[in-house]
Amino acid sequence: MLSMPNVSPSGPPMAASPLTVAVLEIDEYVSHLGWDQPARLFALVDTARLRVQEPGLASQLGLDDDGGKAAALTPVEQEELPAGTALDEFLATIAWPDAVVGCAMTVERLMLPPSAEASVPDGLDDKRLTKWVAEHPDRQEVRMTVAVLRDGARESAVRLREKDSASEVLTGAGLVPGLAEALAATFES
């Protein structure tokens with residue numbers, strides 16, 4: 001497991017849920033790495049439980065002496081995803097230990113506005129559709145950060161490349177339902 005530093009200089013909104021705080025922390029962390037990044041997977045662990053059960057790891061992550069300011073959930077970046085493996089196939093292979101209360105993933109994608117949907121040519125296979133979207137003049141590059149908890153809670157953050165600022169990040173539980181479903185499935189036995 002790779003640790004992820006806490007890089008939230010402006011901080012989340014005061015009334016944000018712990019899951020929203022974690023999603024925004026991950027979004028901010030990945031934004032510091034720049035664009036054109038591979039998908040990244042994070043385990044979400046209960047910070048208080050981590051301090052008690054894994055004090056050495058908590059110390060490595062800087063959570064042992066924070067004056068009680070640590071977020072309720074600590075994201076821990078996982079190893080890099082295997083190259084050439086489809087995201088859905090990879091997620092189907094994951095089984096989390098009990099200490100992991102949730103997980104999150106960041107992915108970059110091209111997105112079209114709903115108005116472009118009517119102009120999609122019929123009969124395109126996946127490869128040709130991907131090429132068509134990549135060449136569309138209204139395409140938007142986005143980074144999506146999606147998190148789910150074992151209890152079913154979900155949160156997402158979407159950052160447009162053309163509006164690459166923490167103040168422009170959109171959040172909401174239902175922004176990326178397909179990825180949220182795939183992440184939730186990693187907790188099913």
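Here is a short walk through the structure above, from its cores to one helix and a pair of strands. The model is predicted, so local features need pLDDT of at least 70 and side-chain atom pairs count only at pLDDT 80 or more, while totals for chains, interfaces and linings use all residues. Residues are numbered from 1 along each chain as its sequence is written, and side-chain values use heavy atoms, leaving out hydrogens and water.

Let's start inside. In soluble globular proteins, nonpolar side chains tend to be buried together. A nonpolar core is a set of buried Ala, Val, Leu, Ile, Met, Phe, Trp, Tyr and Cys residues joined through side-chain atoms within 4.5 Å; buried means under 20% relative accessible area with a 1.4 Å probe, protein chains only. The largest such core here has 29 residues, and Leu87, Trp96 and Met105 are among those with the most contacts inside it. Another core, of 15 residues, lies apart from it and includes Phe42 and Val169.

Leu87 is worth a look: beyond its neighbours within four places in sequence, its contacts (heavy atoms within 4.5 Å) include Ala39, Met105 and Leu179.

Of its 14 residues, 13 are buried, so H1 is largely enclosed by the rest of the structure.

Strand S3, residues 73-77, is largely enclosed too, because five of its five residues are buried. Leu73, Pro75 and Glu77 are on one side, with Thr74 and Val76 on the other. S3 pairs with S2 in the antiparallel sense over five bridges; pairing requires that DSSP finds at least two. Asp46 stands opposite Leu73.

Technical notes. Buried means under 20% relative accessible area, exposed over 50%, partly exposed in between (1.4 Å probe, protein chains only). Helices (H or I, at least four residues) and strands (E, at least two) are DSSP runs, numbered from the N terminus.
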